[in-house]
Amino acid sequence: MKSTIRLSVVVPLFNECENVSHLIGAVRAVLGEGQDWELVLVDDGSTDCTCELIESEVRVDARIRLIRLARNYGQTAAMQAAFDRARGQVIVSMDGDLQNDPADIPLLLARLDEGFDLVVGYRVHRKDRLLTRKLPSWVANRLIGMITGVQIRDNGCSLKAYRRELLDRVHLYSDMHRFIPALAVSTAGARVSEIPVRHHARRFGESKYGLSRIWKVASDLLALKMLSSFRERPLLMFGLGALGASMLALLSIALTTLTFDRGVSAPSSYGYVYPSIALVWLSLAFFLLLLGLVAEVVISGGRSTGEMSLPVVREWT
Amino acid sequence: MIINRGRTGEGPRVRVAELVMPTLQAPGLKPDVSVIVPVTERPDPLAELFLEYSEPLADAGLNYEFVFVVEPRNRQRVVPLRKLAERGQAIRVFEVGHTVGESVLLMLGAARSRADTLIVLPAYRRVDASALPELYVKIFEGADLVNCRRNPRRDSWLNRLQTRVLHTLVAGLSSGRVRDVGSGVRAMRREVLLEIPLYGDFFRFLPVLAIREGYQVEEIDAPQHASDAKTRVYSPGIYLRRLIDVFGLFFLARFTYKPLRFFGMIGGTLVVFGGLVLVVLFLQRLAGEPLAGRPLLLLGVLVFTLGVQAIALGLIGEIIVHFNAPGRSPYRVQADTAAEDSLTVVSDPAVQPPADAARAQIGGPGGRTAEG
């Protein structure tokens, strides 16, 4: 059974009672009667009728599969659960609220077959509010591109297609589902392509996003920047920080000597401010160097060995 | 900071010797319930404890075993248990090679117990023994973990105040479902204790950790034991440890997978504050006031560097999380309809051996029937 599944469509769901039947119907209509696909629906601790509806569908169609998580873990964990358990050679992820159109799946697959590991959709004619949705997302996409060096038009679009080999190398945690392309490129060496996809306005249910994620995105971006630039050599990053702090310490020492010359008639605090500051910067430099060593220890100890920890490679034919 | 997951059923790597082998039960016979008693500090007399708490289990018709896990300093206290075991009582005693703490004792006991339902019982009497069969029935009915709340209480207002304060601190993490984490008497499916990594003093918060893991946690009331009613005032160090435990619990619950959110919040605030001080001083310097005479400059730089340190620590945390990510799953799957898949673990609450006698005597409703 395992080998016959070619495509897994994975959808994380949280309280999508009104949408789930439409979703299943739409996917089935696009993928047809063949038995070589599965639709993996991950219930992320829904409290409404989502699960009951899916279970009744599972009983009549074995290609539909329900994975229930023990509680609400959030979208990233739900997607990782789906990736861990999906059996297809190709995995397509999409939203559960019908904003993505399953009719785009064949286009994604065709592009994947051209030799990519990851195909990312970008929504054209987005049907969302300008000020609270489109504008922040435009800024965020620019920012992500600038910081990570991976230019993606629409990181927020869930409709993506992945090769199994890639997902074996990318592990999501925290809220990293927003940065899958950047993470896939910088840590697993994925070849990424983009195609335009359709976007529908949310028909039923409520949006589960808000503007409050800006701080979270900023913090995740900083982590991602560090991982993409210094994943192999964290000591370099901390060393650069230590170097900067040392320069500031030197500057303070220079200023000390300058103020010493004319400090004879100055108030009493003149003598110690700059030397103290030099010491503060020096202690920061020392601290950062030690932390860099800790990071090296972590990486040498935590790195898993074997093919899975290395980037995806394809042989030329 | 990082909890190791995917622990096998072996329990922690500590040398353990089994002192008493059960003589009553054939090796292949599986008990309905294993009662695990970690014996560390100030235990009550263990033989009396066993007799008192095993009686209601026997009355309910349950096939039980008592698993005592003992630190070496309590070696003399288990001698009476040996006599009971020789007379055919279902007692097993394991001795650990050195002092390891209650969390490790619990995990060792869980790894060596044989029943699918475990009851954790402190070595000092906290609740009335009649609660034990009810705990078992709750598990049988489908709960993953059942906490026993001391209610009605008999002890002094001071003890109650202590419980109340601890509960208030923890309430946010347990969604109000656990109202007495201090009782220490809990029943759980074996899997729960094997899959939740316990260390340090976190055994106290087992129900809270179970809620975080998505297990179904319930609570029952049981009268407080008369001998638990002594007023207890601990040394200040103990209260400090509890406070630090709760703080650690909060941190792990919220930020285990996103340390930079926590450290970055602190560090970012400090950097901004320090930066503002420096900017103000710089502007005043432009207005002609010499910087060298301003001790405030030292404060600004100090706060700024503290912020940088906090952020750097957060980045270390992110590196740890990133490189540990392949070996840990940030979720727990409750059910997967593609159950023939080798990856799948479907937890079914109704696979335990039925204890009809227990249910008949306690009058609890029948267990759930298995659904395909």
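What share of the 372 residues of chain B counts as buried? The figure is 52%, where buried means under 20% relative accessible area, exposed over 50% and partly exposed in between (1.4 Å probe, protein chains only). This is a predicted model, in which local features need pLDDT of at least 70 and side-chain atom pairs count only at pLDDT 80 or more, while totals for chains, interfaces and linings use all residues. Residues are numbered from 1 along each chain as its sequence is written, chains are lettered from A and ligands numbered from 1 in the order in which they are written, and side-chain values use heavy atoms, with hydrogens and water left out.

**Stop 1: chain B as a whole**

Select chain B and colour it by secondary structure. Chain B has 11 helices and nine strands; these are DSSP runs (helices H or I, at least four residues; strands E, at least two), numbered from the N terminus. Of the contacts in chain B with a separation of 6 or more, 82% are between residues 24 or more positions apart, a contact being heavy atoms within 4.5 Å.

**Stop 2: helix α4 of chain B**

Select residues 131-140 of chain B, which form helix α4. Eight of its 10 residues are buried, so the helix is largely enclosed by the rest of the structure. Among the buried residues are Leu132(B), Leu135(B), Tyr136(B) and Phe140(B). Gly142(B) follows α4(B) and has a positive phi, near 125°.

**Stop 3: helices α8 and α9 of chain B**

Now select residues 236-255 (α8) and 259-286 (α9) of chain B. The two helices pack at an angle of about 115° with their axes 8 Å apart; axes are lines fitted to C-alpha atoms, for helices over the stretch in contact, and angles run from 0 to 180 degrees between N-to-C directions. Show side chains for Phe247(B), Phe251(B) and Phe255(B) in α8(B), which meet Pro259(B), Arg261(B), Phe262(B) and Phe263(B) in α9(B). By class this contact has six nonpolar, no polar and one charged residues. Here Ala, Val, Leu, Ile, Met, Phe, Trp, Tyr, Cys and Pro count as nonpolar, Asp, Glu, Lys and Arg as charged, and the others, Gly among them, as polar.

**Stop 4: the interface of chain B and chain A**

Four salt bridges are counted between chain B and chain A, each a side-chain nitrogen of Lys or Arg within 4 Å of a carboxyl oxygen of Asp or Glu. Asp175(A) forms a salt bridge with Arg261(B), with the closest N and O atoms 2.9 Å apart.

**Stop 5: salt bridges in chain A**

Select Glu38(A) and Arg65(A), whose side chains meet in a salt bridge (3.2 Å, N to O). Glu38(A) lies in strand β2 (residues 37-43) and Arg65(A) in strand β3 (residues 64-69) of chain A, so the pair ties together parts that are 27 residues apart in sequence. Both residues are buried.

Then move to Arg123(A) and Asp154(A), another salt bridge (2.8 Å, N to O). Arg123(A) counts as buried at 14% relative accessibility, and Asp154(A) does at 5%.

**Stop 6: Asp104 of chain A**

Finish at Asp104(A), in the loop between β4 (90-93) and α4 (105-112) of chain A. Is Asp104(A) buried or exposed? Its relative accessible area is 1%, so Asp104(A) is buried. Leaving out residues up to four places away in sequence, Asp104(A) touches Leu159(A), Val197(A) and Arg198(A).
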